[in-house]
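Student: I would like to learn how to read helix packing and ligand contacts in a model. Where do we begin?

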Amino acid sequence: MSSELSPIDKAKFLAAKRSVAFVENGMRVGLGTGSTAAWMVRCLGDRVREEGLRITAVPTSSQTAALAREMGINVAPLDEVKWLDLTIDGADEFDSDLCLIKGGGGALLQEKIVATASDQMIVIADAAKEVATLGAFALPVEVVPFGWQTTKALIEEALINLDVMGRTTALRQQGEDPFVTDEGNYILDLELNRIGNPRQLSLMLNQIPGVVENGLFIDICDIVIIGHGDGRVELRDINAGTTDEEKIDFMEDGNIFADLAE
Ligand code: 5RP
C-alpha cells in the first residue's frame with residue numbers, strides 16, 4: 001500500500017512515525033495541524049489503541065481535534081492542561097537554526113501558543129521544507145477583520161525598511177470569501193522571497209495594531225525530524241547539536257495505509 005503514496009507523502013509519514021516514539025505514558029502532548037501532523041495523529045492513535053498509551057492531547061485546530069477524537073486520543077483544552085511536555089507539529093519552512101515559517105494551514109496562532117507552552121517542540125517535515133534562508137514560502141500573518149485593509153497598509157509600509165526581497169501582501173481567500181481562522185480572524189500572506197532578519201521582522205509585525213500573530217517561530221523548535229522518500233529519517237537536535245540518521249521500514253505500517261485507502 002505504501003507504494004501508492006507519493007515520495008513526499010512517504011517522507012511526511014516517516015517523520016510523523018518517528019516522532020511519536022518520543023511520546024511516553026502520562027505525557028501532555030500538543031498536536032499540530034496540517035498533512036504531516038495528521039499522519040502523526042494517526043500514528044499516535046495507533047499507539048493508544050495497540051499499546052494502551054495514556055496521554056492527554058491539546059490540538060491546535062478544530063480539524064486536528066476532530067481527527068484526534070476519531071483516533072481515540074484523549075483531548076483536552078489548553079486552559080485545563082496549562083503546560084505540555086511536548087508538541088509535535090509540521091512546518092512550511094525551517095532553516096539551520098530551526099527557525100520556522102508556519103501557518104500554511106491557517107492555524108499559526110493556536111500552534112504558537114501551544115508550542116510555546118511546551119517543554120519541547122518537535123517539527124516533522126519532508127526534506128523539501130529545509131531552506132538556507134526563510135521566505136520563499138509566503139509568511140502568514142493573522143489579523144483581526146476590523147480595519148484589515150489599514151493593517152495591511154501598515155505592514156506594507158513597515159516592510160519598506162526591512163531586509164526582505166519582496167513586499168507583496170494578499171488576503172488569504174477561501175473560494176470567494178476571506179479565509180477565516182478558528183479565532184475568527186483573517187490571514188495576510190506576505191510574499192517576501194527572502195527574510196534577512198526573521199527576529200526583527202517578527203517583532204515589527206507584532207507591534208502593528210490589528211496584527212494578532214505572525215508565522216515566524218523563533219527559538220521555539222528543539223528538534224526537527226526530516227523524512228525522505230527512500231525511508232531515511234534525519235533527527236536534528238538544536239540543543240544537543242547532534243544529527244542522527246535512521247531507516248524506517250514501511251512494511252510494518254500496512255495497517256495505517258490500508259485504513260487510508262478505505
Ligand atoms: C498549519 C501549519 C502546518 O504545519 C504547515 O502548513 C505544514 O503543513 P503540511 O504538513 O501539510 O505540509 O503551519 O498552520
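Tutor: Begin with the word contact, which here means heavy atoms within 4.5 Å. Note also that this is a predicted model.

Student: Which residues of H1 and H2 meet?

Tutor: On the H1 side they are Asp-9, Lys-12, Phe-13, Ala-16, Lys-17 and Ser-19. Their partners in H2 are Ser-35, Thr-36, Trp-39, Met-40 and Cys-43. Sorted by class, the contact of H1 with H2 comprises 5 nonpolar, 3 polar and 3 charged residues.

Student: How is the geometry of such a pair described?

Tutor: Two packed helices are described by the angle between their axes and by the distance between the axes. In this model, H1 spans residues 7-19 and H2 spans residues 35-51. Their axes come within 8 Å and cross at roughly 45 degrees, which makes H1 oblique to H2.

Student: What is the handedness of the crossing where H1 passes H2?

Tutor: H1 passes H2 in a right-handed crossing.

Student: At what angle do the axes of H2 and H3 cross?

Tutor: The axes of H2 and H3, the latter being residues 62-70, cross at roughly 20 degrees and come within 9 Å. Angles under 35 degrees count as roughly parallel, and H2 and H3 are therefore roughly parallel to each other. The crossing of H2 and H3 is right-handed. H2 contributes Ala-38, Val-41 and Arg-42 to the contact, and H3 contributes Thr-64, Leu-67 and Ala-68. By class, the contact of H2 with H3 has 4 nonpolar, 1 polar and 1 charged residues.

Student: Now the ligand. How many residues surround the ligand, and which are the closest?

Tutor: The ligand is surrounded by 17 residues, of which the closest are Ser-35, Thr-36, Asp-92, Gly-103 and Lys-129.

How values were computed. Residues are numbered from 1 along each chain as its sequence is written. This is a predicted model: local features need pLDDT of at least 70, side-chain atom pairs count only at pLDDT 80 or more; totals for chains, interfaces and linings use all residues. Side-chain values use heavy atoms; hydrogens and water are left out. Axes are lines fitted to C-alpha atoms, for helices over the stretch in contact, and angles run from 0 to 180 degrees between N-to-C directions. Helices (H or I, at least four residues) and strands (E, at least two) are DSSP runs, numbered from the N terminus. Angles under 35 degrees count as roughly parallel, over 145 as roughly antiparallel, 65 to 115 as roughly perpendicular and the rest as oblique. A crossing is left-handed if the near helix is turned anticlockwise from the far one by less than a right angle, and right-handed if clockwise. Ala, Val, Leu, Ile, Met, Phe, Trp, Tyr, Cys and Pro count as nonpolar, Asp, Glu, Lys and Arg as charged, and the others, Gly among them, as polar. A residue is near a molecule or strand if one of its heavy atoms lies within 4 Å of it.
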